[in-house]
Amino acid sequence: MSVAPVETEVYINGYYAGLADDFDGLFQRLYVPAGEHEIELRLEGYQSFGVKVYVSPGDTREITHRMRPLPPGETMAPMSPSRAERTTPSPAAIAASFSML
């Protein structure tokens, strides 16, 4: 997973998984079972980012994202699942490393 800033919080299916820095290398991967997963990135002062991915057994996925600062006067609100479903990242926004069990 390549996410900036590295202190961005990573949530899988609504559950906290760790910081982006915890999953940024060959030996630091986020292991999840095969199936559909909602991945959300959150950091105070930045816009939340969410994406749904479907992974097959043995798959590895790469996600690269640079968090965008909130506009002045806005506050961060947790992303709801319905909002995460509507997030359509550009190909440039997705480029986390996921290994399936």
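This report describes the sheet, the nonpolar core and selected contacts of a predicted model.

## Basis of the description

The model is predicted, with local features requiring pLDDT of at least 70 and side-chain atom pairs counted only at pLDDT 80 or more, while totals for chains, interfaces and linings use all residues. Residues are numbered from 1 along each chain as its sequence is written, and side-chain values use heavy atoms, leaving out hydrogens and water.

## The sheet

Four strands, in the order β3-β2-β5-β6, form an open sheet with antiparallel pairing. Strands are DSSP runs of E with at least two residues, numbered from the N terminus, and two strands pair if DSSP finds at least two bridges between them. The edges are taken by β3 (15-19) and β6 (49-55); each has a single partner strand, so one side of each lacks a neighbour in the sheet. From one strand to the next, the twist averages 25°, where axes are lines fitted to C-alpha atoms and angles run from 0 to 180 degrees between N-to-C directions.

## Strand β5 and its partners

Strand β2 (residues 9-12) is joined to strand β5 (residues 35-42) by 4 bridges, and the two run antiparallel. Within this pairing, V10 has L41 as its bridge partner in β5, and Y11 lies opposite E40.

The antiparallel pairing of β5 with β6 extends over 7 bridges, and G35 stands opposite V55 in β6. These two strands form a hairpin with 6 residues between them, and G45 in the turn has a positive phi of about 90°. Because 6 of its 8 residues are buried, β5 is largely enclosed by the rest of the structure. Buried means under 20% relative accessible area, with exposed over 50% and partly exposed in between (1.4 Å probe, protein chains only).

## The nonpolar core

The largest nonpolar core has 17 residues, of which M1, V10 and L41 touch the most other members. Such a core is a set of buried Ala, Val, Leu, Ile, Met, Phe, Trp, Tyr and Cys residues joined through side-chain atoms within 4.5 Å. At least two residues of this core come from each of β2, β4 (30-32), β5 and β6; β6 gives the most, with 4 residues.

## Contacts of L41 and T8

Contact means heavy atoms within 4.5 Å. Leaving aside neighbours within four places in sequence, L41 is in contact with residues including M1, V10, F49 and T8.

T8 is placed in the loop between β1 (2-4) and β2, and it counts as buried because its relative accessibility is 0%. Not counting residues up to four places away in sequence, T8 touches V3, G18, L19, A20, L41, R42, L43 and M67.
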